[in-house]
Amino acid sequence: MSTIEIKPDYYDDFHCIGGECSFTCCQEWKISVDRQTKKKWRSVTAPGDLKQNGRLPSGLSEHSSLSQFIKKVDDTDVIGLLPDMKCPFLDCDHLCRLVKEHGEEMLSVTCHEFPRENHAFPDRTEKALVSCCPEIVDRWNEKETLNFTGLDYKDGEALKCGSVNDILKLTRDLMMFHLSDESSDNRTNLLTAFFILLDIYNKDSIDDIKDYTDPESIIKLKKSIKKLERNEEDSMNERNELFLDITENYSSEGRYTGFLKPLREASLSFLYDNTDKFNELLSTYEKLLRNYLVSETFSNLLIPGMDLRDMVLQFEWMMMEYASILQALYLTWTMTPDHKLTYESVRDMIVLISRLTGYDASDIEEYLTNSFESPVWDFGYADFLLG
Ligand code: SF4
């Protein structure tokens, strides 16, 4: 059993704030139930007071087993929500009835662990906190930069000591290194990292890590990326189409209607206009979005069982998430009478888009295969999307 543990330095301090939460995970989301929990729930009856509190789903009684609260959505077992889109076990004090009655061990794996994720590799365990929880976004907002115990990803010299035999970890750490660069903006960092990732993928090796960390070469690469010709209007139209596409599923199921209805209306009537003022406001959240990208890369780019191609697809998916967040923020900004962009709205959009795009690797591959000529993009499309 591996004893090396890599985790963000705020990992152990995280506590769910329950009733104080501004964007609870017990409402509107698809809360999956694993097979073991489903089996256990077959022999446990529902909490006794659900009926008197009006929390019993239609067709169920106080004698129903917990497994009868499960529904199939998109081929996944999830807890069926009530018409108010809340989990039937969510109490009026925003605490969980299952925990109150049976203790934490009655929860599904998702409810028990969220927003934590553990990835066990032969030589180490990686522990992450994911972007679907507003409490985590608050941490990123407070911090100038993200630190991880057991991982010195910001030091190019330390990366040179990484084993080229573990090409996957070295590549992931290299992506974090480039995304954390405070001397350039997030778009340039994303494109720089993606350019390098495609190069490693095409060569299927890292001959010399210095090729990807040498400061002079990186400055030259970034200059070339910045000089590329772009048409902001075309790129925004593309991001708008993407936003409509990734929100369609949740919108048609009536989830997150409070957010999605006005945003999709604004998106459907979207017409490009001067974005200078918006971009100026957005730049005040550059640090938060940088921390978001570094954390997403740590938690999603390398999951046990992945290969280099999977990492490329995950990186593309992260760029799509980022592009959708930018579009959601632009639409929010246009709808706000005084054209402000508050921290709370930035946090909400990060959490919302992260929840809507939280698919597993096979779903991501299917989406990319169905949507693009090739699931592995060429660099030009990434530049177009983020342009
Ligand atoms: S979103 Fe985070 S803070 Fe809010 S209820 Fe869920 S785990 Fe707790």
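Which side chain does Lys-30 meet in a salt bridge?

Modeller: Lys-30 meets the side chain of Glu-253 there, at 3.2 Å from N to O. A salt bridge here means a side-chain nitrogen of Lys or Arg within 4 Å of a carboxyl oxygen of Asp or Glu.

Before going on, a word about what you're looking at. This is a predicted model, where local features need pLDDT of at least 70 and side-chain atom pairs count only at pLDDT 80 or more, while totals for chains, interfaces and linings use all residues. Residues are numbered from 1 along each chain as its sequence is written, and side-chain values use heavy atoms, with hydrogens and water left out.

Now, the two partners. The domain assignment gives domain 1 as 26-113 and domain 2 as 232-386; bounds like these come from an automatic or database domain assignment. Their C-alpha centres sit 30 Å apart. Where they touch, 8 residues come from domain 1 and 8 residues from domain 2, with contact meaning heavy atoms within 4.5 Å.

How much surface is hidden? About 740 Å² is buried between domain 1 and domain 2, and 46% of that is on carbon and sulfur atoms. Buried area is the accessible area (1.4 Å probe) that two parts lose on being put together, summed over both. Lys-30 turns up again here: together with Glu-28 and Trp-29, Lys-30 supplies 67% of the area that domain 1 buries against domain 2, more than any other three residues.

Back to the charges and polar atoms. The rule finds 1 salt bridge across this interface. It also finds 5 residue pairs in polar contact between domain 1 and domain 2, both residues being at pLDDT 80 or more. A polar contact is a pair of N or O atoms within 3.5 Å; within protein, one must be able to donate a hydrogen and the other to accept it, and residues adjacent in sequence count only if both atoms are side-chain atoms.

Sorted by class, the face of domain 1 that touches domain 2 has 4 nonpolar, 1 polar and 3 charged residues. Ala, Val, Leu, Ile, Met, Phe, Trp, Tyr, Cys and Pro count as nonpolar, Asp, Glu, Lys and Arg as charged, and the others, Gly among them, as polar.

One last thing to find on screen: a cis peptide bond joins Phe-114 and Pro-115, with omega about 5°.
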